[in-house]
Protein chains: 2
Amino acid sequence: MTPREPRLTELALIRALRERARQAPGVRVGIGDDCAVLEAPGGSLLLATTDLLIEDVHFRRRYAEPADIGWKALAVNVSDIASMGGRPRWALIALACPASTTMDEVEAFYEGIHALGDEHDVSVVGGDTSASPSGWVVNITLLGEATGAPILRSGARAGDMIAVTGDLGRSAAGLAVLERREAPARVSAEALAIVTAAHLRPRPRVKEGRWLAAAGGVTAMIDLSDGLATDLRHVAEESRAAARVDLGRLPIGAATRDVAVATKHDAVGWATGGGEDYELLLTCEPSAFERLRNGLGSATGTTLTAIGAMEPGAAGVTFVDADGHAVAVGPGFEHFASGARRE
Amino acid sequence: MTPREPRLTELALIRALRERARQAPGVRVGIGDDCAVLEAPGGSLLLATTDLLIEDVHFRRRYAEPADIGWKALAVNVSDIASMGGRPRWALIALACPASTTMDEVEAFYEGIHALGDEHDVSVVGGDTSASPSGWVVNITLLGEATGAPILRSGARAGDMIAVTGDLGRSAAGLAVLERREAPARVSAEALAIVTAAHLRPRPRVKEGRWLAAAGGVTAMIDLSDGLATDLRHVAEESRAAARVDLGRLPIGAATRDVAVATKHDAVGWATGGGEDYELLLTCEPSAFERLRNGLGSATGTTLTAIGAMEPGAAGVTFVDADGHAVAVGPGFEHFASGARRE
């Protein structure tokens, strides 16, 4: 449920699919949010999300072990449930591997799934296996339960504050390290471990999502899979409001900054466009922010940082510097630069 | 939810996954049947199944149009819901295509999905799209509703009759035609259309599954995806009973027989091991068979043919000829002989 930046004709297709889903029975929220929200016959609200991970598009086997692949494939789905404030429950795992794959590798893949799944009470209830003529292909569908009203992308209003959990750009920093032949000089082993773990084994914010959804005052929420610029634009578009982000307020960790300096990258660019951080981006009533920040810190130990505000005006995202001048930032998450992407 | 014939080590892994799922909360049936059966919070029973289709493993683009791929990817999942006697509801579609794919092709793919989906009130409620470094990859997860107690693979008892809907081997005959450079001589255009449609656009037996599940007397049910020999063995193993099939009673259509003769294939081999027929295989109390056959015919127009019986003894399947002698039949469904399969 993390569509990449679509082309114009693809947008028309997605619109048509959304329109169909909107009219379907039992579909509270169809295409266009992190999860579908479905009305189960007994009256409960079911969340459903699916993600496809493909070798050399979403990961490389050179540095992603089978257990990392399993962990991350589940994590990206768990994060979608987290962003709706839901509780993950049941996973269906489809795996295709080349003929050279060993049983040990397949077992390690499932160990990675269970390592994360056990932390969040996710049960693997079904799946499919297949041969693959080229690399690994993983599809996970995750079902969850909405314990309250799911927090959608569409609820932000002009005047709301914009905030993010944790810090940004770590996964992109990790990817930059992993894609190199050699570790960058003058970066501590600890910093390297922090950023590579963020890329290979992201920790979706389930506790945080449920706490925030239940706390009141959160108007919209989304997980940061494609990068702040892209994901916040989704919120702005779905909410029909403008978003302004102060670049100076973006939370960026010391490890990320160290790696950026050592590899001659821009840490702010990673924070806005790097993607795959799997932090939560939310909007809230300004009066609620302090309560949410303090309460989230007490309940989960996770930071919440205000980074901007929703404003009246056309849907879109503006990044401003310390002087309040608009600054262009790069596009959202791009997969490997070799460009196997369809869009 | 159609695992191919697993190797021994894979069996151990599947057993471990099943054991884990069995202990998980809310999981009525986990790994090991056509669908998972899940207890939604409101008390309703949810069915969930997932299938991965990969170019040059499960289909070839030379003869499968994008709309055919979409139709079949949904059909194999709908068939899993049908075999539990359930009602299909919501689909999540993941699609990866190479860079050369056009928007028209993607639209046609969705048209194929909707063409079948509309027949069964299936709504597309979510999905994911990605680039693919090689061919098309499609994963569909389908959620359904169990309107009564789902009919499992494990309920067959010694003495039960074994029966199948429709006729067998058509899809394999279609594949044999499609894989040739030229249409076989001395086969009518109508016969060719029947068998190729069976392969490219199978029609899952949803009405039949629901009618049979509600009728009473059906003890086990499965859909014929991997072929009679393999799928009946699953029933025998899950039910811990032996199965005997009279080869002479297998329903095989005239078109399938014509194609077999023209292409020098064995129609009975297709019927037992060809796979992808997406008919229903069931066991029932002997006293119920006539009622089920007549009732199913009246309600749906679909035939039900008795092909054998469950017997005491070790779990397994025996095929016998007209003299009652055991006959060896080939293995179940194999994907393309080029052998990209993992097992």
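Modeller: In this predicted model, the rule finds seven salt bridges across the interface of domain 1 of chain A and domain 2 of chain A.

Colleague: Why is the pair A:R153 and A:D33 called a salt bridge?

Modeller: The closest N and O atoms of A:R153 and A:D33 are 3.6 Å apart, and the rule asks for a side-chain nitrogen of Lys or Arg within 4 Å of a carboxyl oxygen of Asp or Glu, so this pair of an Arg and an Asp is a salt bridge.

Colleague: What makes up the side of domain 1 of chain A that touches domain 2 of chain A, in terms of elements?

Modeller: At least two residues each come from α2 (66-82), β4 (87-97) and α3 (103-119) of chain A, and α2(A) gives the largest share, ten residues. By class, that side divides into ten nonpolar, six polar and ten charged residues.

Colleague: How much area do domain 1 of chain A and domain 2 of chain A bury between them?

Modeller: They bury about 2,300 Å², with 48% of it on carbon and sulfur atoms, and A:Y63, A:W71 and A:K72 supply 25% of the area that domain 1 buries against domain 2, more than any other three residues.

Colleague: Turning to the two chains, how do you know that B:R20 and A:D118 form a salt bridge?

Modeller: Their closest N and O atoms are 3.3 Å apart, and the cut-off is 4 Å, so the pair meets the rule. The count between chain B and chain A is two salt bridges.

Technical notes. Residues numbered from 1 in each chain as written. Chains lettered and ligands numbered in written order. Predicted model: local features only at pLDDT ≥ 70, side-chain atom pairs only at ≥ 80, totals over all residues. Heavy atoms only, no water. Buried area = accessible area lost by both parts, 1.4 Å probe. Helix = DSSP H or I, 4+ residues; strand = E, 2+ residues; numbered from the N terminus. Nonpolar A, V, L, I, M, F, W, Y, C, P; charged D, E, K, R; others polar.
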